[in-house]
Amino acid sequence: MSMPLSLTAWSLPACTLPEAAAISRALGIGALDVGLFYRSALDKTQILADPQAAAAPLAELGVQLPNYYHLFGDGLAGRNLALPGTLERNLADLRQVLNFADAVGIATVFILPGVVNPGQSRSDAFKVSAASLSAMVELSGEFNATLCIEPHVHSFAESPQIVGDLIDATGIKLALDYSHFTCLGYRQDEIDPLAPHAAHVHLRQARMGELQTKFDQGTLNFPAMFGTLRDAGYQGALAIEPVHQDYMNTLFDDVLTEIIALRDVWLTWQGDK
């Protein structure tokens, strides 16, 4: 099936990794994005020290694992790609991360593009990040997993234009999440030109000023989004990603209800419901 669904493990912060996998199976999704957050967190220290050992237990989850979300440092700013002096260490870590992804059979690894660090302008951050990403894209060519970035609120890459320029400068692929742009006031048709560059996609309802909102209160037109992605030739996963966390005031939604709403709008568009 083209554009199969997945579920982000961090959408279920109280669940262990096997529990999140079981919920994904119960909902008929059967795939799970993994990362470094909450009770389902993978062990970053082990991934970097022994990728093969870190990969072995994931085979027992009984779900597909289309994506791994990696942070080089702590939080959005730690060792971010726009911070000068981080590239050598980040490249060493990325090699281990990509070894891990290939050992598991994870198709895509996403990282963040970086923030505007102290003393920088947005242009300064762009230049440092572009140099980092160019080297990382070259390294990733040695592996099966595709490297991509998620442009996000609070990064330097907060507009479709900046992201397009970054793609042109580096060849990087995207973990495309419309909600980050919608929150900042961009129309859906202004985001659509990024679809041909997507290697992974996140689904979450949003509206201007709100990174996440209830499904029937948001402005994202998901059938139109699915058509745009299909027409762009996208065949990767659609990862359902409502969250329950402090970031951007996303603490107040019934996550399971929102997951099911997003699943159902996809099934309806596809003709399965």
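## Burial and overall form

A residue is called buried when its relative accessible area is under 20%, exposed when that area is over 50%, and partly exposed in between. By this criterion, 54% of the 273 residues of the protein chain count as buried in this predicted model. The protein chain exposes about 11,300 Å², of which carbon and sulfur atoms supply 52%.

The protein chain contains ten helices and eight strands. Its C-alpha trace spans about 50 × 40 × 35 Å along the principal axes. The radius of gyration is 17 Å, which agrees with the value near 19 Å that a compact globule of 273 residues would have. Among contacts between residues at least 6 apart in sequence, 76% join residues at least 24 apart.

## Charges

## Helix α1

Helix α1 covers residues 17-26, and L17, A20, A21 and S24 are buried in it. Viewed down the axis of α1, the buried residues fall within an arc of 100°, so they line one face of the helix.

## Residues with positive phi

Most residues other than glycine have a negative phi. Which backbone angle does Y38 have, although it is not a glycine? The phi of Y38 is positive, at about 60°. Y38 is placed in the loop between β2 and α2 (44-49). With a relative accessible area of 37%, Y38 is partly exposed.

R79, also a residue other than glycine, has a positive phi near 45°. This residue, R79, lies in the loop between β3 (67-69) and α4 (87-104). Is R79 buried or exposed? At 16% relative accessibility R79 counts as buried, because the cut-off for buried is under 20%.

## D189 in helix α8

D189 belongs to helix α8, which covers residues 188-191. Its relative accessible area is 45%, so D189 is partly exposed. D189 and E142 are separated by 47 residues in sequence and by 35 Å in space, taken from C-alpha to C-alpha.

Notes: Residues are numbered from 1 along each chain as its sequence is written. This is a predicted model: local features need pLDDT of at least 70, side-chain atom pairs count only at pLDDT 80 or more; totals for chains, interfaces and linings use all residues. Side-chain values use heavy atoms; hydrogens and water are left out. Helices (H or I, at least four residues) and strands (E, at least two) are DSSP runs, numbered from the N terminus. The radius of gyration is taken over C-alpha atoms; the globule rule is 2.2 Å times the number of residues to the power 0.38. Buried means under 20% relative accessible area, exposed over 50%, partly exposed in between (1.4 Å probe, protein chains only). Contact means heavy atoms within 4.5 Å. Accessible areas come from the Shrake-Rupley method with a 1.4 Å probe; for residues, only the protein chains shown count as cover. The arc is that of the directions from the helix axis to the C-beta atoms.
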